[in-house]
Structures are given as C-alpha cells and as structure tokens.
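Please open the structure in a viewer and keep the selection panel at hand.

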Amino acid sequence: MMGGELALAALVILLASLLALVLGHFLPLLLNPKAPRGSFGWPLLGETLRFLTPHASNTLGGFLEDHCSSIADDDDGGGGCRYGQVFKSHLFCTPTVVSCDQELNHFILQNEERLFQCSYPRPIHGILGKSSMLVVLGEDHKRLRNFALALVTSTKLKPSYLGDIEKIALHVVGSWSWRHHAKQSRRDDDDGGDLGGGKKQQVVVAFCEEARKFAFSVIVKQVLGLSPEEPVTARILEDFLAFMKGLISFPLYIPGTPYAKAVQARERISETVKGIIEERRSAGSSCKKGDFLDVLLSSNELSDEEKVSFVLDSLLGGYETTSLLISMVVYFLGQSALDLDLVKREHDSIRANKGKEDCLTSEDYKKMEYTQHVINEALRCGNIVKFVHRKALKDVRYKEYLIPSGWKVLPVFSAVHLNPSLHGNAQQFQPCRWEGTSQGTSKRFTPFGGGPRLCPGSELAKVEAAFFLHHLVLNYRWRIHGDDIPMAYPYVEFQRGLPIEIEPISPDP
C-alpha cells in the first residue's frame with residue numbers, strides 16, 4: 001500500500017510539474033495579446049533548435065525565411081512570409097521578440113540602458129567573467145568602453161602598431177613561400193632534376209588557421225607586449241583555444257566537457273595575466289613596452305579584476321573577429337577575379353610609390369579605398385555577428401509593436417544586411433556598392449553592433465585586415481581548394497577551415 005501511495009504521489013508531482021511547465025511556457029502569450037504575431041513552439045525548448053540550425057552565413061537560414069519578410073518574399077510576392085519582419089518566439093528558454101527590421105534594430109541599439117539592456121545567457125557570464133565588458137551593465141560598461149575607445153583611438157594609426165602588424169603579416173605570408181619552395185624541391189628531386197616545363201606545384205594552406213595565427217600574434221603583442229616566440233605566448237594560446245571552444249559549446253559544467261574546460265582555461269589565462277602584471281609592477285618604469293598593459297597599469301579607473309578582464313576581452317575581440325574577417329575577405333575575393341584584380345591594382349599602386357623595404361603608413365592605409373569597399377562587403381555578406389541579445393526593461397511600444405517588459409529582444413543584423421530592398425542583389429558580393437557611400441555603421445549596416453555597445457575595436461580589425469591583404473595580393477594568387485562556405489551556427493565558421501591553393505607571384509624582371 002505504501003509503495004502504491006508513493007507511486008501515486010510521484011505521478012501527481014510529475015503531472016503538476018508538466019502542467020506548470022506548459023503554463024509557464026504559454027502564459028506570456030495569454031498575458032500579452034498585443035505582442036507581435038508569432039509562435040512559441042514546444043514547452044521549454046520553444047523554437048530555439050530551429051533558430052540555431054546551421055546555415056550559410058550569407059543566407060537568412062530556414063527559420064528566418066519561414067518566419068519573417070525575407071528575400072523569398074520579395075521574389076514570390078510575399079507568399080513565404082508568416083509573421084512579418086518583427087515577430088514573437090520562444091528562444092533560449094525565454095519569451096522573445098525577434099526583429100529583422102532596420103528601424104526597430106536601430107531603435108533598440110540606441111536605447112541601451114533606457115528601454116533595453118544587454119542580456120546574454122547566464123552560461124556566457126560563467127566563461128567571460130563578471131567583469132567582462134561584454135556582460136557588465138550601466139555605468140560599469142560605460143566606464144570600461146570609454147577606456148577602450150581612448151586606447152583604440154590612440155593606437156590605430158600609431159607607427160609602432162602599424163609596424164607590428166606588417167612585420168607579423170610578412171612573417172605569416174613568408175612562411176608559405178618556404179613551404180612552396182620545399183614542395184617544389186621535392187618534386188624536382190622526384191623528377192630527377194628535370195626542370196623542363198613541369199607544372200608548378202601549388203601548396204594548400206588551411207587559411208583560417210593562418211589568419212588566426214596572424215590575428216593572435218598581433219593582439220598578444222599589442223596587449224601584452226609578447227612576441228610569438230616567447231613560451232608564455234604559446235601557453236596563453238593553448239588555453240585560449242580551449243576557452244574559445246567552450247564559449248560556443250553546450251553549457252554543461254561537468255569535468256571534461258568543453259564548457260568546464262573553458263572556465264578552467266579562463267582561470268589559467270587570468271593567472272598568467274596577473275603574473276605578467278606583477279612582473280611589470282615590480283620592474284617599474286624600466287619594463288615599459290608601450291602596449292595596452294602599460295596603459296592599464298597607469299590607470300586608477302579600473303580594479304585589478306577589471307584589468308584582467310579587459311585583457312581577455314581584447315584577446316577575444318582581436319583574435320576571433322579579426323581572423324574571421326580576413327578569412328571572409330579571402331573567401332569572397334577567391335570567387336571574384338574582377339574584384340581581386342581591382343584590389344591588387346590598388347596595392348600595386350601603393351607599393352610603386354614606396355621603396356622595397358619601406359613600411360606601410362597611416363597615409364597608405366587611407367589610400368586603400370577599394371580595399372575598404374571589399375572589407376565592408378565581406379562583413380555585409382559574411383555576417384560575422386548575426387544578432388545580439390537584449391532585454392526589454394519596461395513595456396516598449398514602437399510603431400504598431402508592443403514589446404512586453406522582461407522579454408528577450410533579438411535584433412537580427414543579417415536580415416537587414418541581406419534585405420534586397422536595402423541592398424540590391426543582396427546575396428551577391430559586390431564591393432562597388434560602397435563607392436560614394438559612408439564606410440561606417442548605419443541603420444542598414446551594423447556588422448559590429450551599434451549604439452553604446454558598438455565594438456570599440458572594429459577599426460583595428462579593418463586596419464589589420466587591410467595590411468594583411470596588402471602583402472597577400474602582392475605575393476600570391478589563390479583559389480579555394482574544394483568546397484567550403486562560411487556557416488552560421490550561429491557563430492560563424494568555415495567547415496573545412498577554408499583550404500586555399502596558393503601560388504607565388506613571380507616578381508617583375
């Protein structure tokens with residue numbers, strides 16, 4: 001009898017829990033009838049799995065094409081649209097309003113801390129740390145961002161910074177030449193020294209790995225004053241790779257999982273950075289290197305914990321965003337011979353007015369106009385940042401839409417970037433569309449976000465991409481080896497690491 005009563009009690013508790021789960025899921029629908037049209041999907045999961053289904057990053061993906069006014073709607077007269085450019089859903093375990101509308105996106109970004117607030121999922125906080133500029137709110141974020149902006153502004157065209165970029169770019173690009181000569185020598189040996197008219201050997205390079213190598217070397221030099229050859233650099237990189245894998249993994253803190261390894265890797269990186277900070281403080285003015293860390297140590301605005309987090313944020317932004325941007329540029333140029341030729345002519349012209357050993361300068365960077373068009377178009381088509389997380393602080397009425405207080409809000413940048421009514425032939429890579437237009441952020445172009453949370457390092461990423469491209473186009477031809485495309489998971493990644501076949505360009509006699 002006792003066993004039967006326990007089983008009945010367990011059944012009642014189970015049914016009550018299921019009922020509470022269902023009511024908790026659908027109750028916001030009943031309490032907010034004036035919210036935008038849409039659906040909540042299944043209890044707990046909602047529509048999250050469909051929203052996160054991988055797709056080519058230069059497309060909207062099936063979920064958005066099905067839910068909102070999209071590219072398909074303009075082609076078929078609107079038959080594919082279910083809810084319009086603004087709709088409700090249930091994503092990341094929360095009632096959500098999704099915006100594919102440029103005006104509403106702009107409104108959300110410009111009203112940070114007044115009507116909306118940054119609201120990334122809690123597991124992200126566990127990896128980034130509570131003092132990360134990506135997750136802190138209010139005055140703390142404003143203080144950190146102002147510090148970052150001042151640092152970036154004083155750095156971006158500084159000769160020492162530009163010199164470091166160029167030196168590292170030459171090192172990475174030069175290593176391919178060594179591989180090519182080694183492969184050619186092996187072929188000549190196999191042919192018994194026959195040099196007569198043989199086919200040139202092409203070397204395949206995993207470009208994403210090379211771009212990450214370049215970006216990490218630049219940012220670790222700029223932030224911590226470390227060169228790639230130093231043992232501590234290799235240690236930071238090893239931990240940082242574990243950190244990056246966990247950042248995009250399922251948030252399950254069990255020993256051995258990528259998420260748990262990422263949290264532990266962050267702790268190790270933090271300890272390494274703290275050790276470097278203590279060494280600098282002990283050495284005093286005799287150890288100044290002119291890097292970010294020197295500026296951080298001279299500031300009384302930030303706590304030591306904030307300084308460590310600032311270093312980690314800088315490494316994260318400088319590594320992942322910059323390397324992916326460079327990979328996108330190489331990917332799209334590899335499919336557009338005309339644009340590649342225009343870029344090469346521009347850089348040939350810049351180099352023709354310089355001595356062979358002369359370094360690039362800030363004036364040279366300003367002459368890279370078509371290169372900037374290419375970078376902007378790669379950002380628009382590639383959609384490195386698909387959307388951002390926000391939360392409504394109060395009931396917000398915008399035009400005919402009501403966004404209920406406490407609901408998550410997702411401004412989807414890729415939907416605006418790929419909207420054919422805003423960008424003609426939106427799915428085509430056409431850098432010429434940027435000629436005669438502003439090169440900065442606008443309502444229809446937000447590759448690095450916008451408003452008070454616009455990425456402070458976005459200009460550094462563009463400078464680094466332009467300098468790397470300078471030495472790439474002057475020294476190599478390339479083409480994509482096999483099939484590879486950038487996929488949104490929603491983080492963007494090339495499935496095969498973007499393998500490219502490279503062939504050195506012979507210097508003019």
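**First stop: a buried aspartate and its partner**

Asp-239 is buried, with a relative accessible area of 8%; buried means under 20% relative accessible area, exposed over 50%, and partly exposed in between, with a 1.4 Å probe and protein chains only. The model is predicted, so local features need pLDDT of at least 70 and side-chain atom pairs count only at pLDDT 80 or more, while totals for chains, interfaces and linings use all residues. Residues are numbered from 1 along each chain as its sequence is written, and side-chain values use heavy atoms, with hydrogens and water left out.

Select Arg-268 next: its side chain meets that of Asp-239 in a salt bridge (2.9 Å, N to O). The pair links distant parts of the chain, with Arg-268 in helix 11 (residues 258-283) and Asp-239 in helix 10 (residues 231-247), 29 residues apart. A salt bridge is here a side-chain nitrogen of Lys or Arg within 4 Å of a carboxyl oxygen of Asp or Glu. Helices (H or I, at least four residues) and strands (E, at least two) are DSSP runs, numbered from the N terminus. Arg-268 is partly exposed, at a relative accessible area of 40%.

**Second stop: further salt bridges**

How many salt bridges does a search of the whole structure find? The search finds 22. Side chains of opposite charge can pair when their charged atoms come close.

Select Glu-501 and Arg-479, which form a salt bridge with their closest N and O atoms 3.1 Å apart. This pair also links distant parts of the chain: Glu-501 belongs to strand 13 (residues 499-504) and Arg-479 to strand 10 (residues 476-480), 22 residues apart. Glu-501 counts as buried at 10% relative accessibility, whereas Arg-479 counts as partly exposed at 45%.

Move to helix 15 (residues 362-366), where Glu-363 and Lys-366 lie three residues apart, about one turn of the helix. Their salt bridge has its closest N and O atoms 3.3 Å apart. Glu-363 is partly exposed, with a relative accessible area of 46%.

Then select Glu-112, Arg-390 and Arg-453 together; a network of salt bridges links them.

Two strands pair if DSSP finds at least two bridges between them.

Ser-99 stands opposite Pro-411 in strand 9.

Another open sheet has three strands in the order 1-11-12, paired in the antiparallel sense. Strand 1 (55-56) and strand 12 (492-494) are at its edges, each with a single partner strand, so one side of each has no neighbour in the sheet. Strand 11 (residues 486-488) is joined to strand 12 by three bridges, and Met-487 stands opposite Glu-493 in strand 12.

Leaving out residues up to four places away in sequence, His-347 touches Met-368, Thr-371, Ala-466, His-470, Val-473 and Leu-474; contact means heavy atoms within 4.5 Å.

Select Trp-42, in the loop between helix 1 (2-31) and helix 2 (48-51). Trp-42 counts as exposed, at 68% relative accessibility.

Pro-159 is in helix 8 (residues 159-190) and is exposed, with a relative accessible area of 66%. Select Ser-362 as well: Pro-159 and Ser-362 are 203 residues apart in sequence and 7.7 Å apart in space, C-alpha to C-alpha.

**Last stop: the whole chain**

Finally, show the entire chain, which has 18 helices and 13 strands. Buried residues make up 50% of its 509 residues. Of the contacts with a separation of 6 or more, 70% are between residues 24 or more positions apart.
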